[in-house]
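Please look over the structure shown below before reading on. The report after it is meant for someone meeting this structure for the first time.

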Amino acid sequence: MKKWLIILLALTMTVPLLSACWNQKELTDLAFVLALGIDKGEDDMYHVSFQIVNPGNVSTGQGGGGGQGLPIAVYKSTGRTITEAARNATKKVSRRLYYAHTNLVVVSEEVAKEKNSLLHIMDGLDRDPEFRTTTELVIARDSTAEELVTTLTILDKLPVMKITKEIKATEAMLGENMSVTIDDFMNGIISTGKEPIVNGYRLVGIKEKARLAENLQTTTTDAFLAADGLAVIKDGELIDWIESNKARGVIWVLDKAKSTDITISWNGKKNGLSMVPIRSKTKVATAFKNGKPIINISIENEGWISEANTAIDLTDPKIMEKIQKLVERKIEKEVLSSVKEAQKLRCDIFGFGENVHKTNPKLWKKLESNWNDYFADLEVNVKVDSYARREGVRTKPFWSVLKFK
Amino acid sequence: MEKVKISGYQLFVLVVLFEMGSAILLGLGSEVKQDAWIAILLGLFGGIIVFFIYYQLYKYYPDLPLTSYLQKIVGKWVGRLLGLLYIVYFMYVAARVLRDFGELLTTTIYNSTPLFIINTLMIVTIIYGVHKGFEVLARVGELYFIIIYLTAILGMLLIIFSGLIHLSNLAPILENGLNPVIKTGLTQIITFPFGEMIVITMVLPLINDKKKAKWVCLSGMVLAGINITITAVVNISVLGVDLYHRSPFPLLTTIGRIQIADFIERLDVLFMLYLVIGGFFKIAIFYYAALAGAVDVFQMKNQGKLVFPIGIIVLFASITIASNFAEFIKEGIAVTIYLSWPFQIIIPSILLTIAYFRNRKKQTSSL
Amino acid sequence: MSILSKMLKNKQKKRQDDNYRQKQDPQKPEDLPILRDYQENISHLKEEVGNSSDINIREFKLGSHKGALVYVDGLASSIAIADYILETVMESNVPDEPVDIFQFMLDKTMALGSVKTITNWNQVYDALFSGDTVIFLQGCNKAISGETKGWDKRAITEPTTQLSIRGPKDSFTETLRTNTALVRRRIKSPNLRVDSIKLGAVSQTDIAILYIKGIANDKIVAEVKERLNRIDIDSIIGSGYIEQLIEDQTWTTFPTTYHCERPDVVTSHLLEGRVAIVVDGTPFVVTVPAIFIQFFQAADDYYSRFDISTGVRLLRIIAFLIAVIGPSVYIAATTFHQEMIPTTMAIAIAAQRENVPFPAFVEALIMEVTFEILREAGLRLPRAVGQAVSIVGALVIGQAAVQAGLVSPVMVIVVSITAIANFSTPVFAMAIAARLLRFALMGLATILGFFGIMLGLMFISIHLCSLRSFGIPYMMPLAPFNLKEQQDAFVRFPMWAMKSRPMFISKGNMVRTGEHQKPGPPKQSENQSTNGGEE
């Protein structure tokens, strides 16, 4: 009994200590920060925009009714570091800023181009246990990050969802953008054999109207967000952009491409055929010739013919084979041009260096220090195997029976 | 000593839970980067050799715990002094594990909760368990062994389905040659977690089937070693070498990566589940070893009286051991050199040598 | 807790003192012998029972011999007395020569199944109060008791608390003999033992201990008897009394004895080597030892096929977990671990909670307590009123509270799921344990979120593992783990695969099913059917 008494005493001693709930935070006391927009002002301070969700206006359930007001609110604050800016923001927001649901970080092109500005924001994000490092990173092209974060979108009530979903959809359907998280970015920055790329985003239209509710009242919105190009980052700063078609080549090499469309000409007719790969697999292998690394990229994809705007017999295996050849050559060209582009920039965004590292660590030790220069003259071979498996629910296109031609 | 008997399976379960304990949480062998898993396997190998020292001692004195045969081998007073040192060592390690545990929670989820509160609540639970006796601990172990395995399999499946595993992160194997790997494996990982089997010498006499002791402990160590290795492999292949090296608790970061269908994400709870269970058993067994040792050295009849004081000492030690996490980690390195090696390997080896000669003499004299 | 226990201990001590005093001046008359003069016996009886109006005394003459017949009105069947005693007494011809009138009475006039000779007053009272008729004869210092038990009993009805779909529809009643008969009818083996004792200094309640010799562990049987004999209490009004007095551990919310009103369940428990305690006056039979997993086994598990019963049993265990941790997980997730909830869901919940004035814990507590009150109120109300209560409850909780903005709709969902999950535990005693623990875990979740819940669960599991029921570890087939006994734990094996009785309970005859019991089509017909298929 006595020992019970002691245990009981110990328990009762802890009770007053427990009455304070240190980490407890009620949902209603939180401001969910969905996106961060980071700009740099002329005062050399970070201008951070916090996109905060207004739950009552998003949810269509009880109480709110939805659509009464705007789903988001944006607060801005400044600081010399991200932490300082975040703390300064509390002067303007009634609730505790909560970052666990932040899905997007937008950095302005200006910040990205400035030496070390981009890197200065990373550790704060990486270290905070609340912040997810699986958050998407995006660079605002030709506009400030604030403008991007304040834009309202039509289909998705939450603008963040629009951007993150869009990137994923593009990655899956078109292959010109790919999801780049803070983690991926950090990996690229740290690794000596790989440089990071970041998605570019652009605010298209009348920028002043982007943040107004009336922007949502029209079918053709006056301002909308669109993905645009891939930013190439070298030594922590943006050096150039890779645009649409060449961006696709990058995604191919990085083995992120799932589906896209390849348009080829047939019998002299321009844009006669379209093929849609549905599966694609890229393998990067390193071979050595005379002690020099050679990169062999082999891409294997299969898909179907989605469009044939010419008289063609798609039931003929020989013709199919010919189509495949053409597609292969097209992809090859595209990928090679992307590689050339990167080599011109002297920036190994493909991670060839890591590949060399893994296959030949000894050689890598010698090359590591100036790999990017070495990369510029690297021999890269591309081999593509395409398989057009089927051709939709029609065999011959109607062009084949058309009387007028 | 309590007059309890535990079955071979129960001891096996306890060995596995104890060895995995906090080792799975930490980035073991991160110095050798992608070869950490090789270092762990080497450590396991070394740990098994060390275990044979303990086992040989156990064979000489199958009915006595470490603190008792210390007195038989090196004499009553020296033995008692050594026994006392062992008790302090056990309590110190228990406090360290408790601190590990508290630090983890305060750095990740409970960042504004005082460390003291978290540690207090944990130790109260452990006091309750130890108070109920070793047999109950063993039974709880059996219960949670199953739960841990189920959650581990679930976690593994989730990681695989999230497409996070990139085995290419493990290459190149042995980039800097075998030497640093051997060094890490056989100097650090051998003592933590595998050398900590020294604690089991305190509970080995409780096993009801003495013949099983060897295989039970060995298979427990091997299973735990394999689990730790798999965890390290998964961590490295998910996070990459660099992040593995930079995260104090890589497993937490790995689990944080799980994202399935935008719905199953941020499964820190799974991790916490493991954390409480693993931490509980590791601390509880060290705690129990210290308790049993104290009862033995001071020749007390009732061990119930000591349960509470030792718990309080462990709790306060865990708080005062270091003022911040960096200091705590720095101390950890010193512990390996100045505490783990002597207590886990050097003293037992000397003991074994003396015991060998004593027992040979006894045998020859009896002939 | 300990102060409480101390107070309780004092109380117990006092009660023991009381008992002691009772023994000193016994309420039960001393064990006196029966006198020769029947008139004196009658007056003694009248004196003792204090002219109680339900004691009927009828004097009669048997030839020239006088006598009196005593019975308790309502307990004894007056028809039986009239037809099988009085009628024969009146019609019998007593020979003129001197006879042993006592023997004559015994042999010639008592047309009853069970007739006994009794010699002292304790036996007289025993017989009287269990509905027998006692006959005093002039000049005899002994009496005859004839079994005329005939009080009104409740008929065997369908079970009300433990329903089953495919099982038998009978249930125990308040009558001890009916209950033992219900079991005896199912086990037609001479090895079924029914040992009787009387407990309760005042109430003298009949208690039967049932077990199967050769299957039950003798040690457990002896332990049960010992614990029952140790009971010193004035009365046993229900089997719940017995449960509380013989369980291993008082400081627990978990039941360590099992009780049920289904004879088929008791039968199967007996066949597993358990001991059943039947208490007169209660339709609930207690069986011991009880283990944790047993409370999740329902009778239907054994009547339906193994795959179905395994699934259903797993469902019950999950439901139990939900019942224990449901609201606390809600509290932890919404006040500590908002990062766990997917973004859109978090926003939806936040929107609902936007106007709720209470913190999550208070909200949950209010709803849970309201629900418990509703349930408690509904439990004991007449059926007609009960319905009204549930309608009011549903309206108040479901509609009004949400519309008034006092409670968020998610909370209502959580409370309802918890409540429904709680109902799916087959045994009430275990369900109520979950209810208590739920509140403790809610408190822990408020303080430390999931860490608190985990610590709470750890505490509970240590506690569960430390429990024993009649020496059997409570978490038996799990901790200590036993592979063979998994046949009836989380998974129920097919009938033919459950070859032996649970090792940890029964001893002796272990074989449950014979070899080669796995059913299958006969080999010949297999050929035929394939032939048939070809045609």
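This is a predicted model: local features need pLDDT of at least 70, side-chain atom pairs count only at pLDDT 80 or more; totals for chains, interfaces and linings use all residues.

Residues are numbered from 1 along each chain as its sequence is written, and chains are lettered from A and ligands numbered from 1 in the order in which they are written.

## Chain C as a whole

Chain C contains 17 helices and 12 strands, where helices (H or I, at least four residues) and strands (E, at least two) are DSSP runs numbered from the N terminus. Its radius of gyration is 30 Å, well over the 24 Å that the globule rule gives for 535 residues, so chain C is more spread out than a compact globule; the radius is taken over C-alpha atoms, and the rule is 2.2 Å times the number of residues to the power 0.38. The C-alpha trace of chain C spans about 105 × 75 × 45 Å along its principal axes.

Of the 535 residues of chain C, 39% count as buried, a term that applies if 20 or more other C-beta atoms lie within 10 Å of a residue's own, with exposed meaning 12 or fewer, partly exposed meaning in between, and the C-beta atoms being placed from the backbone. Among the contacts in chain C with a separation of 6 or more, 66% come from residues 24 or more positions apart, two residues being in contact if their C-beta atoms, placed from the backbone, lie within 7 Å.

## Where the chains meet

The contact between chain C and chain A takes 25 residues from chain C and 28 residues from chain A. On the side of chain C, α11 (306-335), α12 (343-353) and α16 (428-466) each supply at least two residues, and α12(C) gives the most, with 9 residues. By class, this side of chain C has 13 nonpolar, 9 polar and 3 charged residues, where Ala, Val, Leu, Ile, Met, Phe, Trp, Tyr, Cys and Pro count as nonpolar, Asp, Glu, Lys and Arg as charged, and the others, Gly among them, as polar.

The contact between chain B and chain C takes 25 residues from chain B and 21 residues from chain C. On the side of chain B, the elements that give two or more residues are α1, α5 (115-131), α6 (134-161) and α11 (268-297), and the largest share, 6 residues, comes from α11(B). The residues on this side of chain B divide into 14 nonpolar, 4 polar and 7 charged.

## Helices and their packing

In chain A, the buried residues of helix α3 (residues 82-89) are I82(A), A85(A), A86(A) and A89(A). They cover an arc of only 100 degrees around the axis, which puts them on the same side of α3(A); the arc is that of the directions from the helix axis to the C-beta atoms. These buried residues pack against β2 (46-53), β3 (72-79), β4 (96-98) and α5 (117-127) of chain A. Helix α11 (residues 352-359) of chain A is mostly covered, with 6 of its 8 residues buried, namely F352(A), G353(A), E354(A), N355(A), V356(A) and H357(A). The buried residues of α11(A) pack against β11 (269-289), β12 (292-308), α12 (361-367) and α13 (371-376) of chain A.

In chain B, helix α1 (residues 8-20) and helix α9 (residues 213-246) pack at an angle of about 35 degrees, with their axes 8 Å apart; axes are lines fitted to C-alpha atoms, for helices over the stretch in contact, and angles run from 0 to 180 degrees between N-to-C directions. By class, the contact of α1(B) with α9(B) has 11 nonpolar, 4 polar and 1 charged residues.

## Backbone details

Two cis peptide bonds in chain C deserve a look. The bond from V288(C) to P289(C) is cis, with omega near -10 degrees, and P289(C) is found in the loop between β10 (285-288) and α10 (300-303). The bond from A479(C) to P480(C) is cis as well, with omega near 0 degrees, and P480(C) has its place in the loop between β12 (472-473) and α17 (523-534).

D142(A) has a positive phi of about 55 degrees although it is not a glycine, and this residue is found in the loop between β6 (136-141) and α6 (145-150) of chain A. With 14 C-beta neighbours inside 10 Å, D142(A) counts as partly exposed.
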